[in-house]
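Thanks for passing this one along. Here are my notes, point by point, to read next to the model.

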Amino acid sequence: MSDERTSPPGEYPLVIVGSGPGGLQLSYDLSRLGIEHALISKDSGPGGMFRRFPMFGRLITCSRPHAIVDCGCPAYFRYDWNSLVTEDETDQALVTEFMDGDNYFPSRAEMESSFAAFVERGGVDARYDCTWESTRRDDDGSFVLGTSDGEYRAKVLVFAVGMIEPWRPPTPGIEDVPHYVDIAESGIDYLREKKVFIIGKRNSAFEIANGLLAHACQLILGSPHGVRPSITTGFPTAPRARYVQPLEDARFGGGTFVVDVALERIERTSDGYKVHADGTSGLGKVVFEVDEVIACTGFATGLGDLRDLGVETFYKDRLPTQTPYWESASVPGIYFAGSAMQGQAGMRKYGWPSHSASVGGFRFNAQVQARHIAAEHFGYEPARPEVDPESAVDYLLSQATSEAAIWSQHSNLARKLTVENGAVYDDGISVLMDFVDSSGPDAIAITVETTLEGEIQPCAYVRRDGDVREEPFDPAWMNDFRTEDNRARLGEIFAGLGG
Amino acid sequence: MAEGLPQVDIDLAALPLFSVLTSTELDAVTQEFDEEYAQPGERLLREGFVGTGFYVVISGEADWLVGGQRVDRSATLIGSPPKPVTMRRGDWFGELSVLFGEPSISDVVALTSMQLLVMPGHELEGFLFRYPKVMFQLLKGDARRLRDPERWR
């Protein structure tokens with residue numbers, strides 16, 4: 001029987017590994033630029049991690065079914081953190097289309113349905129059940145991927161393999177403790193009526209705790225660092241609002257404890273575990289006797305044998321080092337898409353991290369990355385629509401007010417206009433850290449930023465005569481930055497460019 | 001195995017800033033910071049920009065520039081030969097801009113691949129009050145830079 005799957009082994013200009021949202025979005029965007037490529041996946045269908053996670057069925061990020069703008073228009077994606085982005089409305093597979101209307105957090109199954117529709121409507125071809133097994137480099141510089149179906153050769157590789165490999169700190173005894181990922185496989189029935197110690201206080205820990213409130217008789221969440229919920233910090237710190245119920249339960253004395261402890265060791269006993277710890281806020285040493293322990297200690301990128309090829313990592317070997325365009329900093333030609341993009345931390349203005357760990361951020365990275373790869377490796381010349389200088393200021397303020405890529409990637413992505421020979425060109429959504437650290441003609445890149453006071457404000461980065469300076473603007477009612485004051489000030493700045 | 005970025009043991013206890021902490025405190029302090037990578041040429045601190053962070057160098061080296069020129073800390077010492085500042089493992093930067101709430105007066109640019117700990121600027125004050133021993137180490141380090149700019153490392 002012949003194999004009718006697409007993209008058989010062979011030579012391609014580019015190969016993407018992984019059919020999660022990162023791989024699907026990049027494949028879509030590359031295809032729109034005319035870049036031939038193969039997309040391979042070990043899974044039997046699209047969705048990546050969303051085929052298994054989140055464990056308790058609903059995401060932490062929202063998709064608002066009814067927004068202030070029409071569903072599906074470019075500005076709508078600001079209110080929908082989970083849908084993949086298309087340039088043609090006929091390709092759209094908005095997550096809200098598949099939601100049942102009872103919740104503004106989509107379910108795992110709804111996400112998976114949306115990705116399947118995206119593949120079908122957007123014409124994203126993937127070769128499923130094809131497992132990447134090895135990587136090497138030939139003398140001519142081409143990469144060779146060994147897979148379960150045979151060898152693929154390409155000048156450029158993109159790994160969109162997720163960040164879902166379990167990671168544990170070197171605490172003695174933790175190796176015998178199930179990880180979050182294991183619980184996703186085993187289910188939680190065995191935790192019913194048990195005393196459970198959850199190691200960690202990030203979102204995965206609070207997700208488990210939230211899910212166990214109705215199952216376990218006692219929950220203890222422990223890690224060295226205190227909790228800083230996003231609703232009090234004003235930043236996307238853990239736990240997010242979706243999972244704060246265990247925190248309230250702890251504050252009200254309801255059987256949940258959230259403790260600041262450094263774990264010394266975990267001891268297996270005949271009927272459970274002893275967790276030996278030392279309080280980091282001065283309460284001294286303690287031993288927690290519990291029935292079960294779960295390690296919610298984080299995840300690592302599934303890099304396979306890429307380290308042997310020279311791919312450097314950091315963050316305790318969990319993330320690859322990357323350039324501003326998410327290319328391996330040590331092996332040119334290897335790129336990363338999807339959640340591994342968080343290895344490029346961005347500008348960190350006012351402490352805001354990039355939003356590249358989740359679909360809402362990396363879907364826009366993919367569009368920028370596709371243009372970069374196409375230009376760097378395949379001779380693609382990006383379109384540079386000319387902008388009427390008279391309307392440039394209004395255009396920039398409109399972008400700051402409503403452009404979803406900017407709102408999804410505060411301080412990291414920006415709309416860039418370049419002034420050359422008296423003309424103004426739209427250079428599209430750009431990587432802000434690359435703009436501020438490169439030379440070039442006079443230009444403005446506008447983004448939005450959240451200040452320490454929690455105010456959201458536009459900020460223009462202005463390059464004039466080779467120097468880049470920042471020009472923050474005042475916040476505005478309802479985040480509509482198209483005010484007369486802003487027009488006047490930005491107009492003044494803009495008038496000084498290209499002279 | 002290909003030669004790659006060395007996997008540095010972060011071992012905060014070996015860094016002067018944190019050497020005064022107990023192992024339990026070190027566990028907690030580790031989680032106060034994010035880890036960050038920088039490639040050669042990348043700017044970590046940008047002159048004139050606000051909203052910056054506090055950095056501790058784990059590995060690699062960085063230049064300190066003001067007005068695009070490498071800082072010559074000994075320029076004020078009459079008769080001393082110029083000796084530009086290079087930041088290395090254990091050094092820190094960014095705290096002055098954060099504590100003054102003012103734009104950075106310098107660029108810090110990675111000379112090599114670097115691994116760093118970074119803390120959002122607005123968290124530094126609270127962190128220092130939670131760990132006064134670290135605040136004292138930071139004070140001593142910054143005072144040493146003032147007292148002896150030629151040998152501030």
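How many salt bridges does the rule find across the interface of chain B and chain A?

1. The rule finds six across the interface of chain B and chain A, a salt bridge being a side-chain nitrogen of Lys or Arg within 4 Å of a carboxyl oxygen of Asp or Glu. One to look up is R348(A) with E36(B), whose side chains meet at 2.3 Å, N to O.

2. A word on the ground rules. This is a predicted model, with local features needing pLDDT of at least 70 and side-chain atom pairs counting only at pLDDT 80 or more, while totals for chains, interfaces and linings use all residues. Residues are numbered from 1 along each chain as its sequence is written, chains are lettered from A and ligands numbered from 1 in the order in which they are written, and side-chain values use heavy atoms, leaving out hydrogens and water.

3. Back to the interface: chain A puts in 40 residues and chain B 31, counting contact as heavy atoms within 4.5 Å. About 3000 Å² is buried between the two chains, with carbon and sulfur atoms giving 51% of that; buried area here is the accessible area (1.4 Å probe) that two parts lose on being put together, summed over both.

4. Between chain B and chain A, 13 residue pairs are in polar contact, both at pLDDT 80 or more. That term means a pair of N or O atoms within 3.5 Å; within protein, one must be able to donate a hydrogen and the other to accept it, and residues adjacent in sequence count only if both atoms are side-chain atoms. On the chain B side, α1 (23-30), β1 (34-38) and β9 (114-120) each supply at least two of the residues touching chain A.

5. Chain B has an open antiparallel sheet of four strands, ordered β1-β9-β3-β7. Its edges are β1 and β7 (92-93), each with a single partner strand, so one side of each has no neighbour in the sheet. Helices (H or I, at least four residues) and strands (E, at least two) are DSSP runs, numbered from the N terminus, and two strands pair if DSSP finds at least two bridges between them. Strand β3 (residues 53-59) of chain B is joined to β7(B) by two bridges, and V56(B) sits opposite W92(B).

6. In chain A, check the hairpin of β4(A) and β5(A): five residues lie between the strands, and G141(A) in the turn has a positive phi of about 90°. The two strands, 132-137 and 143-147, pair antiparallel over five bridges, with R137(A) opposite F143(A).
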